[in-house]
Amino acid sequence: MPEQLVFAMEVTLNGLMAGVLYALVALGFVLIYKASGIFNYAQGVLALFAAMTLVGIMQGQVPFSHLINAVFGGHITHFGWNVPGAVAIALTVGVMVLLAWLVQVLVMKHLVGQEPIILFMATIGLAYFLEGVADLMWGSEIKTLDVGLPQGINLWIDETTFNIFGYGFFIDNLDIVATVIAALLVAGLVAFSQYTKQGRAMRAVADDHQAALSVGISLNFIWVLVWSVAGFVALVAGIVWGTKSGVQFSLSLIALKALPVLMLGGFTSIPGAIVGGLIIGVGEKLFEFAVGPLVGGATENWFAYVLALLFLVFRPQGLFGEKIIERV
Amino acid sequence: MLDNSESYVTEDGRTIGGVVMEMKNITLRFGGVVAIQDISFDIREGEIRAIIGPNGAGKSSMLNVISGFYVPQEGEVLFHGKKRPPMRPYEVARQGIARTFQNIALFEGMSVLDNVMTGRLNYMKTGLFSQALWKGKAEAEETENREVVERIIDFLEIQHIRKTPVARLPYGLKKRVELARALAAEPKLLLLDEPMAGMNVEEKEDMSRFILDVNDEFGTTIALIEHDMGVVMDLSDRVVVMDYGKKIGDGTPNEVRNNQDVIDAYLGVSHD
C-alpha cells in the first residue's frame with residue numbers, strides 16, 4: 001500500500017477522534033436550542049466551570065478562598081483532603097444541577113416569550129458572569145485534571161498497524177476513551193428522550209410550548225432539566241478536554257469550535273451534531289495533511305470556519321436541520 | 001334556577017348531573033380593554049355546554065380562563081365546588097381539564113401515536129430512576145397507557161395514520177388527533193376551542209359525530225366554543241351566548257334561539 005494512503009488513514013482516524021470531541025461540545029448547544037430555542041453562548045463556559053469545579057473538589061480546594069481570605073484575613077486555601085474522582089464527579093453533577101436551577105429561576109424564567117436575540121444576549125451575560133464566578137471560586141491557575149482516564153499512545157493499535165502496513169499508527173488512548181464515552185452519552189440521551197416520561201415531556205416542550213402546557217407539563221421543570229442535562233454534557237466535555245490540555249480559561253473557547261459543527265449539522269439535530277463534528281474533525285486533519293504543506297500549514301485554525309461559511313451560503317439549515325419552508 | 005347538586009333532563013332525554021365547574025362573576029381585562037365582563041355560568045356533569053358569540057365576543061378568553069392560560073382580575077372559578085386558586089395551565093391540566101386549541105397545537109415532529117401518548121404523561125407515575133432501575137414496572141405502566149391510547153385511536157378512527165408524523169396530516173385529521181390527545185388524559189372536563197373552525201361540511205359532520213359519541217360513550221363533560229350557530233344548536237344541551245365580553249343569553253338551544261338579544265347580536269343591530 002502506498003505510503004501516502006497509509007498516512008491518510010492515520011490522519012482520518014485521528015480526525016474522527018477529534019471530531020468526537022467537537023461533537024461532544026456541540027451536543028450541549030443542540031440540547032438547549034431544541035428545547036427552548038435559546039442559543040446558549042455560555043455552553044463553553046459551562047464546560048470550563050464544570051471542569052474547574054471538578055478539579056477544585058478533587059483537590060479539596062476551599063471555594064472562594066481568595067475572597068474569604070481578603071475579607072477575613074485568613075490564609076486558607078485547601079481543606080487538606082483529596083476527594084476520589086468518582087465522588088467528585090457525582091458532586092460536580094449536583095453543582096451543575098443547582099446551577100441549572102439558578103439559571104432558570106434567576107434569569108430565564110423572567111425572559112419567557114422574549115425575542116431569541118434577547119435570550120442570546122442573556123446567555124452572553126451569563127457566560128461572562130460564570131467565568132468571573134469560576135475565577136473567584138477556584139482561582140485562575142492552570143490545573144491538571146486526572147480522573148483516571150488512560151492517556152498516551154495505544155500500543156496495541158501501534159503494533160497491529162505496524163504488522164499490517166509496516167507503519168505504526170499513533171492513536172491516543174484518551175481519544176479512544178473519549179469516543180466510547182461520547183457514544184455512551186449519546187445512547188443514554190437517546191434512550192432518555194425516547195423512553196422516559198421526562199424525556200417525552202422534554203421532546204413535547206421542544207415541539208410546542210402551548211400544547212405541552214395543555215397536557216400538564218411544567219415548562220419551568222423541563223427547562224431546569226434541559227439545563228441540567230446540558231450541564232452534564234458540559235461536564236463530560238470538560239473532563240475530556242481538561243484531561244487532554246489542562247483545565248484553564250481557554251477551555252471556554254472550545255465553544256468556538258462547536259459553532260462550525262452546528263452550522264454543518266444544524267442547530268436542532270443530535271445526529272447532526274455528531275456527523276458535523278466528525279466531518280469537521282476529519283476534514284480539517286485531512287486538509288492540513290493534503291493542502292497544509294502547500295500553503296505553509298496552520299490550516300486547522302481556519303478550515304472549519306471556511307467550511308461553515310460555505311454551508312451558510314449553500315445550505316443554511318445545515319445537513320440535518322429543519323427545512324426552511326416559506327409559505328406564501 | 002337549578003340547585004348545584006340537582007340534575008336535569010335534556011331535550012333528548014339524557015340526565016345531566018350536578019355542577020362540575022362554576023364561573024362566578026368573572027372579569028378579565030387586558031390593559032384598558034375588557035375582554036370578559038362580570039360573567040357567571042356553570043358546567044354540569046355529562047353535559048355538552050357551548051359558548052357562542054360573534055367574533056371578538058370573548059369566547060376564547062373565557063376558555064383560556066377555565067384552562068388557566070389567563071387569570072381573571074375579578075371573580076371566582078369553582079371546580080367540583082371548591083374555589084380554585086390562580087393556577088398555571090399545566091396545573092389545571094393535571095386537575096383533569098384537557099383542551100384543544102383554535103389554531104391546533106400539536107407536536108408536529110412526533111407521530112400521531114406519540115402525540116396521543118403525551119396525553120397520558122400525568123398517568124405515568126414511575127420516576128426517572130426507577131425507570132432506569134426497574135424496567136418491568138415501567139413497561140407494565142407503558143402497556144397500560146398504550147391500551148388506553150389505542151382504544152381512543154380506534155374510537156376516533158385514526159388507526160390508519162397512527163405512525164404518520166403529524167406535520168403531514170391534513171387539517172381535519174389534525175383536529176381529530178388533537179381531540180384524541182385531549183381524550184387520552186381521560187379528562188373530567190374537556191374544552192374544545194372551535195373544534196369545527198375551517199372545516200368543510202363533511203369534516204364538520206364527522207367532528208360533530210365524534211363529539212356526541214365521546215360524550216355518550218365516555219360520559220365526558222364537554223365545553224365547546226363555536227360561532228357556527230347551526231352546529232352548536234344540534235350539539236349542545238345548554239348554551240351561553242356572549243357579545244362584547246358580556247353574557248347576553250344562557251339556556252337550552254331553543255331558549256337561546258328565541259332570545260331577542262341573541263338575535264340582535266347575530267343580525268348586527270347597532271350598539272349605540
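Two residues are counted as in contact if their C-beta atoms, placed from the backbone, lie within 7 Å. The model is a predicted one, in which local features need pLDDT of at least 70 and side-chain atom pairs count only at pLDDT 80 or more, while totals for chains, interfaces and linings use all residues. Residues are numbered from 1 along each chain as its sequence is written, and chains are lettered from A and ligands numbered from 1 in the order in which they are written.

**View 1. Surroundings of Ala47(A).** Apart from neighbours within four places in sequence, Ala47(A) is in contact with Val25(A), Ala234(A), Ala237(A), Gly238(A), Trp241(A), Leu251(A) and Ile254(A).

**View 2. The largest nonpolar core.** This core, a set of buried Ala, Val, Leu, Ile, Met, Phe, Trp, Tyr and Cys residues joined through C-beta atoms within 7 Å, where buried means that 20 or more other C-beta atoms lie within 10 Å of a residue's own, has 166 residues. Those with the most contacts inside it are Ala23(A), Ala26(A), Ala47(A), Ala51(A), Ile217(A) and Val226(A). Its largest share, 18 residues, comes from helix α10 (residues 219-245) of chain A, helices being DSSP runs of H or I with at least four residues, numbered from the N terminus.

**View 3. Helices α1(A) and α12(A).** Helix α1 (residues 3-36) and helix α12 (residues 270-290), both of chain A, pack at an angle of about 145° with their axes 6 Å apart; the axes are lines fitted to C-alpha atoms over the stretch in contact, and angles run from 0 to 180 degrees between N-to-C directions.

**View 4. The contact of chains A and B.** Chain A contributes 17 residues to this contact and chain B 21 residues. On the side of chain A that touches chain B, α8(A) gives the most, with seven residues.

Notes. Helix = DSSP H or I, 4+ residues; strand = E, 2+ residues; numbered from the N terminus. Buried ≥ 20, exposed ≤ 12 C-beta atoms within 10 Å, placed from the backbone.
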